Amino acid sequence: MAVQIGVFLPTSGPREAGFGAGEIRDSARTAEAAGLESLWATDHLIASQPMLDSTVALTTAAAVTDRIRIGFGAMLLALRPIAWAAKEIGTLQQLSDGRTLLGVGTGNPAHGDIGWRAAGVPFGERGIRTDRALSVLPKLITGEPATLDDGLEVTLSPAAAPMPPILVAGNSARARRRAAAFGDAWMPINPALDELPALLTELRDLAASHYRPTPTVTVVAPALPADPHQAAAALAAYETAGVERVILAPTGQDWRRDYAFAADLRAAQ
């Protein structure tokens, strides 16, 4: 099977670019009409540039589409009380008819710590908080009784939603350990192709130590060759290395150009 292709919604950029529901709706419809597999939204409270809330943006995209998958790329679980995050994710999963893909990360240090400070979360604790959140998240989303850190047992309603796939973002060894312990997929940014076989072997061994299946791999690709046929050859190399999905990062503010390229790339596979 050819590598699946995803793109990012235009939810972040320079302040002068502006944002609007019409832009999100148009981009979502365009991506679905182009036959792309998934749409993704970045996530942060206070980033290095303006950024829309990921859950609201993805809900807007889900409301105007029927087939394309809707992904967090990637949600910073540690910024949120886990029960609230589970409620948002479960609701999106229900309203999108099960199309949600839950990317989870600990944040890009390039954004600094101001968003974490604003949320009252120590920057240095984001990793352990993410692990704790992932350990209880499936029960919360699927409507089972779950015990939170303070010992409180809760069951979220309304009716349970199917648990969306968890994609653990990050290039570090800790991210791979997290993916092996909790994830359905590992989601690195632009990993070196020649290093992927060894990293996937490590991932398989880590998953086996938890008695879990080996996570699949989704790659965020900042850049591919401009020629669709050359880019398709690059995708074929990812496929050979065991990558299931490639998410094309924006090349600028012109999402229409990026989506047209993604459509041409899909046709060239």
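Reader: What should I know about the model and the numbering before we start?
Author: It's a predicted model, where local features need pLDDT of at least 70, side-chain atom pairs count only at pLDDT 80 or more, and totals for chains, interfaces and linings use all residues. Residues are numbered from 1 along each chain as its sequence is written, and side-chain values use heavy atoms, with hydrogens and water left out.

Reader: OK, how many salt bridges does a search of the whole structure find?
Author: The search finds 12, a salt bridge being a side-chain nitrogen of Lys or Arg within 4 Å of a carboxyl oxygen of Asp or Glu.

Reader: Which residue does Arg29 pair with?
Author: Asp26, with the closest N and O atoms 3.9 Å apart. Both sit in helix H1 (residues 21–33), three residues apart, about one turn of the helix. Helices here are DSSP runs of H or I with at least four residues, numbered from the N terminus.

Reader: Switching to Glu125, what's its partner?
Author: Arg129, at 3.1 Å between the closest N and O atoms. Glu125 is partly exposed at 33% relative accessible area, and Arg129 is partly exposed too, at 31%. Partly exposed lies between buried (under 20% relative accessible area) and exposed (over 50%), using a 1.4 Å probe and protein chains only.

Reader: And Asp258, buried or partly exposed?
Author: Asp258 is buried, at 13% relative accessibility. Its side chain meets Arg257 in a salt bridge, 4.0 Å from N to O, and Arg257 is partly exposed at 46%.

Reader: Which residues are joined into one network?
Author: Asp26, Arg29 and Arg256, through salt bridges that share partners.

Notes
Helix = DSSP H or I, 4+ residues; strand = E, 2+ residues; numbered from the N terminus.
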